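Hi,

Here is the structure I promised to pass on. My notes on the charged residues follow below it.

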Amino acid sequence: MQLSSPTMPTKAKSGVVTILCILLLRWAHASVHEYSAEKFASKGNAFVVHGGSEGIYSYNQNRNESSSLSSNGDAFIRFENIIFQRPKEFSNFSSGSIHAVVFEVDERELIGGSAYGGQRAVCCTADLSKLGVCKQGEIIHRPSATHPGWPQVFSVSFDIDEVDAILQPREIQITKTGMYNLYFIHCDLNLKDVVVEGKTIWKNPTGYLPGRMAPLMNFYGLMSLAFVLLGVFWFSQYARFWREVLTIQNCITLVITLGMFETALWYFDYVEFNETGVRPTGITVWAVTFGTVKRTVSRLIILMVSMGYGVVRPTLGGITSKVLMLGGTFFIASEVLEIVENVGTVSDLSGKARLFFVLPVAILDAFFILWIFSALSATLNKLQARRLMAKLDIYRKFTNALVVAVIVSVGWICYELYFKSTDIYNERWQNAWIIPAFWQVLSFSLLCVICALWAPSQSSTRYAYSADASEDFDRDDALTLIKPSSLPSKEVRTPSEAKPATGDGGRNGDLEEDKTE
C-alpha cells in the first residue's frame, strides 16, 4: 500500500461517506487479522489503514460483563500487540494522536462532519474547530443514541524521541449483531511514514468464522451428505449394470466423485477456520482445485453430449482439439479467480480487481452455452430425421433441463447484481451466503437430472453409439457440405431400375454401393 501525496486538513477533497463506501467494500475473510508494516494511505484529509470488517453476532447479553475471560459463547474484537512505528530520523517531536476506531455499519454517519453544509471530512477542519465542535487535527465522531458507548475510539501518540507507540491490549465485547469495521486513522502530516504492526482477533459466539461465512460450514456439510446419497444411488446402479456402462456414464461417475471431494474439503476448510481463526491454505487450495476441475469437466461433458459423442458418434473428429482448448482455458481462468478470492485472502477484492478476474470466466461460460445449444439443435434435428426415437426422447429431456437451468441462472445473476448494487456497506451480510450456495444447489440439481436420464440400466445400450445409425448420421453431415449437381439423364435411375433382378446381380449391386459409400 503506497501513500498518496498528503492534503491539508482545511482542503479536504472527499467526504467521509465516499471514503467509507470505498473502504467498506473490502470485508475480511479471516478472523485473525495480522498487520505487517501496514502503511497509512491518504483518504480525503485523513490517513487510514483498514483493520478489518466482519459480520458478528451478539453474545449472550445476560452474561456477567465484568468477567475478564472470554467463554466460548462470547463475541468480541481483541487487540493484541498493536504497535505504531516511525523512522528514528522523524522521532524528534511529539505527535498528534493515532486512533483505532471501531463502529457498526449503521453508525458510519457518526464518523466525520462538515461545516456549513460543505464537504464532510474525517479530520477536524479549521472551520469546524472555530465552531467549537472538535479540536483541529483530531478525528470527528459523535456518540450513538441507540448503541451506548459506540463508536469506540482508542488513541495513542508518540512522545519526543519515541519510535514506537503501543496501543494497550483490550477486548471489545459485541452486544449487538451487525457488520463491524475497524480503521486506524491519524490526521498528522508529520506521521506519513508511520506503519502499524500486530493483530486483532474477531470472534463470533459459535467460533472464529466471520458471520458472513458461518452458514456456509453447515451448508457444505449438507451438500457433502447430498453427494454421498447421490453417489450411493449411482454407484449401486453402476455395480449392477457394469457390463452395459456407456462412456458418458463413466464421465458422470467422475463428476460425482469430484463433487464429493470438493464439498467435503470445503466443509473441513470451514471447520478448521472456525476452530483456529486462520484459514488453512492447503485445504483451501485443494477445495478450490477440485471445484474448478469439476466445473470444467461438467461443462465439457455437457458440450460433448450435446454434439452426440458416445450416443450418435464415436469421436468428435476434428473439433476435439478446440473442445479441449476451451476446457483448458476455462480451467485456468476459473482456478486463478478462485485462488485469488479464497486462498490466503484477508480482504475482499475491489470492484475493478474482481471484474478483471470474473470477466474472462463469464465470457467463457457464455461461449460454452452458445456452443452447447447450437450443437444440441443440430443433434436433435438429425435424430428426428433418422427417426432414432429412444435417443431423441432422452435428448429432448436433456435439452429441457438445460433450458430451465440457463433461465434460472440468468434470473439469479440479475438478482445477484441487484443484491450487490443495493448493499454497498454489506448491511445484508447475514443473507450473503445464499449467493454462492445457490450456484452449488443449481449445479447439483442439474447433475441429479442428468443422473436420472443416463442412470446405468439393462436398457443403457439403446442409447449407445450404433455404427449403422452413425453412418447415416455422419453421411448427412458430409452431404450438407457438398453442393448438389445435376447428373446426365442416362445416369439417373429410379429405385426400381437401380435394384437388380437376380440374386447375383443384387450381390454385385450391394458391393458396388458399399464401394461408393
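Which residue forms a salt bridge with R78? The partner is E80, with the closest N and O atoms 3.5 Å apart. (A salt bridge here is a side-chain nitrogen of Lys or Arg within 4 Å of a carboxyl oxygen of Asp or Glu.)

Before you dig in: this is a predicted model, where local features need pLDDT of at least 70 and side-chain atom pairs count only at pLDDT 80 or more, while totals for chains, interfaces and linings use all residues. Residues are numbered from 1 along each chain as its sequence is written, and side-chain values use heavy atoms, with hydrogens and water left out.

Back to E80: its side chain also meets K199 in a salt bridge, at 3.7 Å from N to O. That pair links distant parts of the chain, with E80 in strand β4 (76–85) and K199 in strand β10 (195–203), 119 residues apart. (Strands are DSSP runs of E, at least two residues; helices are H or I, at least four; both are numbered from the N terminus.)

Then there's E338 with R295, a salt bridge at 3.9 Å, N to O. E338 sits in helix α6 (320–342) and R295 in helix α5 (281–306), so the pair ties together parts 43 residues apart in sequence. Shared partners join R78, E80, E171 and K199 into one network of salt bridges. A search of the whole structure finds 12 salt bridges.

Overall, the protein chain has 12 helices and 10 strands.

Cheers
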